[in-house]
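Please go through the strand pairing, cores and surface of the structure shown here. A short report is enough, with the cut-offs stated.

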Amino acid sequence: IKLDKVYVGSEGNTSAKVGDVVTFKGDYLNLMHQVVFADDVRVDEKDFKSHDRYTITVAIPKEAKTGRPMLSDTNPDGENLLYAEEALTIALPTATGVAPATVKAGATITVSGTDLNLIEKVNLAGATVEEGIKAAADNKSLTFALPVTATDGEVTLVTYSGVSIPAGSIETVVPTNLS
């Protein structure tokens, strides 16, 4: 069993985005039953796009991150792994801003950027938002409601692959002139 090439799109390309199809070329690849991305993110044979003696193709899952992919035979008595020579570089979402910068608890915050459909949660000072995050159809913005426990500070987006991306900072509005 040998693994000769790994590429996305055309031979030699190792840059990819989540959802792109990665191709593994070699011989006797029909004996391999899983693709393993960095940090043990696995795609089972039933989810392969194609699989034969010479080729395996698979869509890159949203949990994948940059690193050397592997092929596994899933042998329960001792897994055999074939490592790719080169790492795949998986593009990350970007954040270009947070609006509004001053916000009340319960109000909607909008984060602008690219590929924001890959965000699993948002970390704020004093709170984490995991439910109710909505990415726009073009994936260039996402919205969420500011939790009441959030305080002034940084807004950090966390991808499904666990990578933290700074998005900006907010200032929360608090009651004043109470008597």
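## Strand 4 and its partners

Val35 has Leu71, in strand 8, as its bridge partner. Strand 4 and strand 8 (residues 70-72) run antiparallel and are joined by three bridges. Two strands count as paired if DSSP finds at least two bridges between them. Strands (E, at least two residues) are DSSP runs, numbered from the N terminus. This is a predicted model: local features need pLDDT of at least 70, side-chain atom pairs count only at pLDDT 80 or more, and totals for chains, interfaces and linings use all residues. Residues are numbered from 1 along each chain as its sequence is written, and side-chain values use heavy atoms, with hydrogens and water left out.

Strand 4 also pairs with strand 5, in the antiparallel sense, over four bridges. Here Gln34 stands opposite Asp44 of strand 5. The hairpin of strand 4 and strand 5 has three residues between the strands, and Asp39 takes a positive phi near 60° in it. Strand 4 is covered on both faces: Gln34 and Val36 are buried on one side, Val35 and Phe37 on the other. Buried means under 20% relative accessible area, exposed means over 50%, and partly exposed lies in between (1.4 Å probe, protein chains only).

The largest nonpolar core has 22 residues. Val22, Phe24, Val35, Phe37, Ile56, Val58 and Leu71 have the most contacts inside this core. Strand 1 (2-8), strand 3, strand 4, strand 5 (41-44) and strand 7 (55-59) each give two or more residues to it. Strand 1 supplies the largest share, three residues. Apart from this core lies another, of 19 residues, including Val111, Ala127, Ala150 and Ile170. A nonpolar core is a set of buried Ala, Val, Leu, Ile, Met, Phe, Trp, Tyr and Cys residues joined through side-chain atoms within 4.5 Å. In soluble globular proteins, nonpolar side chains tend to be buried together.

What does Val58 touch, not counting residues up to four places away in sequence? Its contacts (heavy atoms within 4.5 Å) are Asp20, Val21, Val22, Phe24, Val35, Phe37, Val43, Asp47, Phe48 and Lys49.

An open sheet of four strands runs in the order 11-13-17-16, with antiparallel pairing. Strand 11 (94-99) and strand 16 (134-135) are the edge strands, each pairing on one side only. Five bridges join strand 11 to strand 13 (residues 108-114) in the antiparallel sense. Ala99 has Thr110 of strand 13 as its bridge partner.

## Salt bridges

The structure holds eight salt bridges. A salt bridge is a side-chain nitrogen of Lys or Arg within 4 Å of a carboxyl oxygen of Asp or Glu. Asp27 and Arg53 form one of them, with the closest N and O atoms 2.7 Å apart. This pair links distant parts of the chain: Asp27 is in strand 3, and Arg53 is in the loop between strand 6 (50-51) and strand 7, 26 residues apart. Arg53 counts as partly exposed because its relative accessibility is 32%.

Lys46 forms a salt bridge with Asp47, the closest N and O atoms being 3.2 Å apart. Lys46 is exposed, at 68% relative accessibility, whereas Asp47 is partly exposed, at 43%.
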